[in-house]
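Hi,

Here is the structure I promised to pass on to you. Have a look at it first, and then read on for my notes.

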Amino acid sequence: MRDRTLWTWHIVAGLVILVFLGLHMTIMHLNSTFPTFNNPAGGEAESWVNVAWRMKSLFFALTYVVMLGAALYHGLYGLRNILFELNPGTGLRRTINVALSALGLVLFAFGAWVAVAAPGVVSRMGG
Amino acid sequence: MADTNLKQVLFRIRRFEPGKDREPRWEEHKIDAAPGMTVLDGLWKVKELFAPTLAWRSSCRMGICGSCGMLVNGRPRLACNTQISELQSDVVAVGPLPNFDIIKDLVPDLSPMFETHRELLPYLLREDLQEQEDPTGEYWQTPHELERYLQFSYCIKCGCCMAACPTVATDPVYSGPMPLAAAHRYDSDTRDGGFAQRREVLADGRGPWRCHFAGECSQVCPKGVDPAKAIQLMKQDLVLDLLRLRARRPPSKVLGKPSGKRREDVPAAPPRTVK
């Protein structure tokens, strides 16, 4: 039962990445086509004013966290599959599962903290 | 007078007898191949003329029994279903199917494949055991429902798909294309009610989750079955079931025996056009 659930989440995470990566591409690389779309200051999407605005936005904080979670799960599940194809023993499989889960949680906690702390940092920097 | 249609072909055959040989070796024999001659015919000729102890499995000689699956010029094929001329080579390299242990020479040990096949319950599972023992009619099924699984029922269990699968080559837990396609064949049969029982095995590591969709199984199948498609459809079924989105249906009912009466809505045959 476990493999089916893990694989289903893998596909769901892939869909989340597809949607959010599309959003990212639109905001960062189609700013000429959609100049004011989440770039309130207009011009370059990487300009400080635009970046600061997005960093302070609750919507963007949420999308960063969801995207981070989806990308980490999708990537680490893929890595797990690759490692499992090297035919490890039962003990090593368990170790791989624990190690990848721990790595994913640590990276997620760090990334989520960055997204949550960003508005305060931006305010202190005058954004 | 010499037969000008004959063409000399070099058979390179991989020989190995576990317990006797330390490692496999290649044996080479030249034979005269006539047009229409199959690789299996060539092997018989080699056995008669040069290598009486050469071992392989074969039976029907017409691509039905699935016994003579072997690696011919680097591709899993049925020896009886492969003409030497279609290989377009003067060299015919024959080895046992990869991804299986070797019993002797060209005879692979297919028993792990069949054990997995059996574990996935490849038969109709229904509660009306009495009906199955002593049928009172036929199980209802429309032609459209039949088409959902028909191509998967053409599988002859030759093992060519298992030999071509890159996941089977590296992952001993993965069930492989043949057993999975067979399980899907019954899961998609409207007469069957065994989805929940098969799910116990398929939803775990032995299910379709490790398939990379390389598609080699479908490429090499000598019967034109598409196991890769069956595996993707199986994933779809199992995920929809997890999300509670799979339509649950009871197995089809028994259709009574024909009454013998002609139906009134059947149109009459058209008049004869040939006297």
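Predicted model: local features only at pLDDT ≥ 70, side-chain atom pairs only at ≥ 80, totals over all residues.

**Chain A**

The C-alpha trace of chain A spans about 55 × 30 × 20 Å along its principal axes. Of its 127 residues, 11% count as buried. If you take the contacts in chain A between residues at least 6 apart in sequence, 61% of them join residues at least 24 apart.

**Where chain A touches chain B**

The contact draws on 11 residues from chain A and 12 residues from chain B. On the chain A side, the elements that supply two or more residues are α1 (2-29) and α3 (58-84). Of the elements there, α1(A) gives the most, with six residues. Sorted by class, this side of chain A has three nonpolar, four polar and four charged residues.

**A helix pair in chain B**

In chain B, have a look at helix α2 (residues 111-119) and helix α7 (residues 177-187), whose axes come within 9 Å and cross at roughly 25°. Because that angle is under 35 degrees, α2(B) counts as roughly parallel to α7(B). The crossing of the two helices is right-handed. Which residues meet there? From α2(B) they are B:Met113, B:Thr116 and B:His117, and from α7(B) they are B:Met178, B:Pro179 and B:Ala182. By class, this contact has four nonpolar, two polar and no charged residues.

B:Asp109 sits in the loop between β7 (107-108) and α2 of chain B. Is B:Asp109 buried, exposed or partly exposed? It has 14 C-beta neighbours inside 10 Å, so B:Asp109 counts as partly exposed, given that a residue needs 20 or more to be buried and 12 or fewer to be exposed. Leaving out residues up to four places away in sequence, B:Asp109 touches B:Phe100, B:Asp101 and B:Ile103. As for B:Ala214, 105 residues apart from B:Asp109 along the chain, the C-alpha atoms of the two are separated by 24 Å.

Best wishes

Terms used. Residues numbered from 1 in each chain as written. Chains lettered and ligands numbered in written order. Contact = placed C-beta atoms within 7 Å. Helix = DSSP H or I, 4+ residues; strand = E, 2+ residues; numbered from the N terminus. Nonpolar A, V, L, I, M, F, W, Y, C, P; charged D, E, K, R; others polar. Axes fitted to C-alpha atoms, helices over the stretch in contact; angles between N-to-C directions. Parallel < 35°, antiparallel > 145°, perpendicular 65-115°, else oblique. Left-handed = near helix turned anticlockwise from the far one by under 90°.
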